Amino acid sequence: MNKIANRKVICDVLMEHAKTDKDIVVLCSDSRGSASLTPFFDTYPEQSVEVGIAEQDLVGIAAGLAKSGKKPYAASPASFLSTRSYEQAKVDCAYSDQNVKLIGISGGISYGALGMSHHSAQDIAAMSAIPNMRVYLPSDRFQTRKLFEALLQDEKCAYIRVGRNPVEDVYTEESCPFEMNKATLVREGSDVTIVACGEMVKPAKDAAELLAKEGISAEVLDMYCVKPLDKEAIIRSASKTKAVVTAEEHAPFGGLGSMVAQVVAENCPKKVLEVALPDAPVITGTSTEVFNYYGMNAEGIAKKAKEALGI
Amino acid sequence: MENLKAKAYALRENTLDIIMAGGGGHIGGDMSVMETLVALYYKEMNISPENQDDPNRDYFILSKGHSVEAYYAVLCDRGFLDYEDVKNRFSKFGSPYIGHPNNKLPGMEMNSGSLGHGLPVAVGLALGNRMSGRNNRTYVVMGDGELAEGSVWEGFMSGHMYKLDNLCAIIDRNHLQISGNTEDVMAHEVLRDRVAAFGWHVISVKDGNDLDQMIAAFEEAKRAKGQPTCIIADTVKGKGSPVMENKASWHHHVPTQEEYEQIMKDLKAREEELSK
């Protein structure tokens, strides 16, 4: 079982680049520990900015830094970053076209029993609705590294959500196919398409294996790039399979499921079912307990796939 | 030196014409902030169409973005924008000249319009410029009604925390907002003390529509070291004509033809008087 959380990988990548790129600046809102960015703050204090518990200030300052030519990475719990500072993300980053990377840490229901105040089950919908804002949910540590290597090369704003806990690997050190803004084909199949993002990619991959044992061939797409959504990949896959299932750690509205359904309905109409969090405060528990309760695991996704296929 | 006091009135006339041409605008705050803009763009700031992409330029953020018509008038006169083009297309279908600052236009650094955003952004600019070893300055203009936004006070905190003496915030203290007197809507009677308590060097300008007083304040701000400066400029909303002065209803009122003629007459009379 992998012990390295995606947030730790982000810190590693930023530290590697900060050594030579003095324009990289990391900002935190009393969140450097939660973001695993303490080593960055300790090693590069002159490239670190602490703003205290003030997310609006965090994002506004990040936009000003970007305007001055810096490359800011602002990290704060996804729940607060995507709502308290939503307007700064919209106006100061996206509308003003500033190169700010917003890192939503402990995303989704990572904080488990801390309750709805700390959950970010609306961030995909909220951030995706902002013109000029990109939204990424990497699935494992290898993809997180590839994604940040790519983000370091561009000059547009983006929102990146990662979870709090280490997640099982989807890829390997040697094999982690990655093309920016293109979904990764995790597994080929012909009966049903499963489109997943973030922490739901691994259970989706496992679900395909469960389905294979029952003679059902599932294709799995890792849609880490929720926006810009890789529509071609969805159409390509959904056109050859009989049904589509989406899996995401998000509310049932406005997230990956809604977006995929929109693309399928427009281009290759067929049944689309989604595995997601409920439209309600989620039940108390660790994220694993909560996932299991709502069927957001391999068994649940496989079951949903069979339902979509009418089996 | 050019007669900048008269210039401020000539630019008010252009502001009025831009508003009339576009059929909308925030005339009250345009008129109160004019001397602040003139002091910055004609005297204090190192900014021109020639150096607008030079990272060493001074930076300006209009946090009270609704005063954009006054800003257009200044940027046109300074050669960033074309006055006739702005007048012809302001607020028109498909126009880049929208009712709040648009940073796809020359001379405008950031989009604004939602209040309470400018100070944190200016903190980031001042911090970034200092990190890059530049000796330039960052200016941000806020309205007094805007101060009810909590994010403004987050910006005051961080500006002080990072001892940004390359940052100067100006509060266009015209005492009115859309619903009425600021003291009735959300009072800041001890404004100077409040900002000073956040660790800023505060300069109170008795008449923020007196160009000499504004220039003196900006010069003092440059000399303040180890902390950012906030200039609280007491101004008159609708400054320039009794038709609109100190009237909350003129926050975004578009003059009738009759009002327009009277205001223009008053502005021209004042310009002429100052030209002598």
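This is a predicted model: local features need pLDDT of at least 70, side-chain atom pairs count only at pLDDT 80 or more; totals for chains, interfaces and linings use all residues.
1. Chain A, overall content. Chain A holds 12 helices and 12 strands. Its radius of gyration is 19 Å, close to the 19 Å that the globule rule gives for 311 residues, so chain A is as compact as a globular protein of that length. Taken along the principal axes, the C-alpha atoms of chain A fill a box of roughly 60 × 35 × 35 Å.

2. Chain B, overall content. In chain B there are 11 helices and seven strands. The C-alpha trace of chain B spans about 50 × 45 × 40 Å along its principal axes.

3. The sheet of chain A. Seven strands of chain A make up an open sheet with mixed pairing, and their order is β2-β1-β3-β4-β6-β5-β10. The edges are taken by β2 (48–50) and β10 (225–227) of chain A, each of which has a single partner strand, so one side of each is left without a neighbour in the sheet. On average, and with direction ignored, neighbouring strands of this sheet are turned by 20° against each other.

4. A helix pair within chain A. Helix α1 (residues 6–18) of chain A packs with α7(A) at an angle of about 35°, the axes being 9 Å apart, and α1(A) passes α7(A) in a right-handed crossing. On the α1(A) side the contact is made by A:N6, A:V9, A:I10, A:D12, A:V13, A:E16 and A:H17, and on the α7(A) side by A:R141, A:T144, A:R145, A:F148 and A:E149. By class, the residues of the contact of α1(A) with α7(A) divide into four nonpolar, three polar and five charged.

5. The sheet of chain B. The open sheet of chain B has five strands in the order β1-β2-β3-β7-β6, with parallel pairing. Its edges are β1 (59–62) and β6 (201–205) of chain B; each has a single partner strand, so one side of each is left without a neighbour in the sheet. From one strand to the next, the twist averages 15°.

6. Strands and covering helices in chain B. Strand β2 (residues 138–143) and strand β3 (residues 167–173) of chain B pair in the parallel sense over six bridges, with B:Y139 standing opposite B:C168 in β3(B). Helix α3 (residues 34–44) of chain B lies across β1, β2 and β3 of chain B and runs at about 170° to β2(B). Helix α6 (residues 118–131) of chain B also packs on the sheet and touches β1, β2 and β3 of chain B, its direction making about 175° with that of β2(B).

7. α6(B) against α7(B). The axes of α6(B) and helix α7 (residues 150–161) of chain B come within 7 Å and cross at roughly 25°; the two helices are therefore roughly parallel to each other. The crossing in which α6(B) passes α7(B) is left-handed. The contact is made by B:L119, B:P120 and B:V123 of α6(B) together with B:S151, B:V152, B:G155, B:F156, B:S158 and B:G159 of α7(B), and the residues of this contact divide into five nonpolar, four polar and no charged.

8. α6(B) against chain A. Helix α3 (residues 55–67) of chain A and α6(B) pack at an angle of about 45°, with their axes 6 Å apart, which makes α3(A) oblique to α6(B). α3(A) passes α6(B) in a right-handed crossing. From α3(A) the contact involves A:Q56, A:D57, A:G60, A:I61, A:G64, A:L65 and A:K67, and from α6(B) it involves B:P120, B:V121, B:V123, B:G124, B:L125, B:L127, B:G128 and B:M131. The contact of α3(A) with α6(B) has eight nonpolar, five polar and two charged residues.

Notes: Residues are numbered from 1 along each chain as its sequence is written. Chains are lettered from A and ligands numbered from 1 in the order in which they are written. Side-chain values use heavy atoms; hydrogens and water are left out. Two strands pair if DSSP finds at least two bridges between them. Helices (H or I, at least four residues) and strands (E, at least two) are DSSP runs, numbered from the N terminus. Axes are lines fitted to C-alpha atoms, for helices over the stretch in contact, and angles run from 0 to 180 degrees between N-to-C directions. Contact means heavy atoms within 4.5 Å. Angles under 35 degrees count as roughly parallel, over 145 as roughly antiparallel, 65 to 115 as roughly perpendicular and the rest as oblique. A crossing is left-handed if the near helix is turned anticlockwise from the far one by less than a right angle, and right-handed if clockwise. Ala, Val, Leu, Ile, Met, Phe, Trp, Tyr, Cys and Pro count as nonpolar, Asp, Glu, Lys and Arg as charged, and the others, Gly among them, as polar. The radius of gyration is taken over C-alpha atoms; the globule rule is 2.2 Å times the number of residues to the power 0.38.
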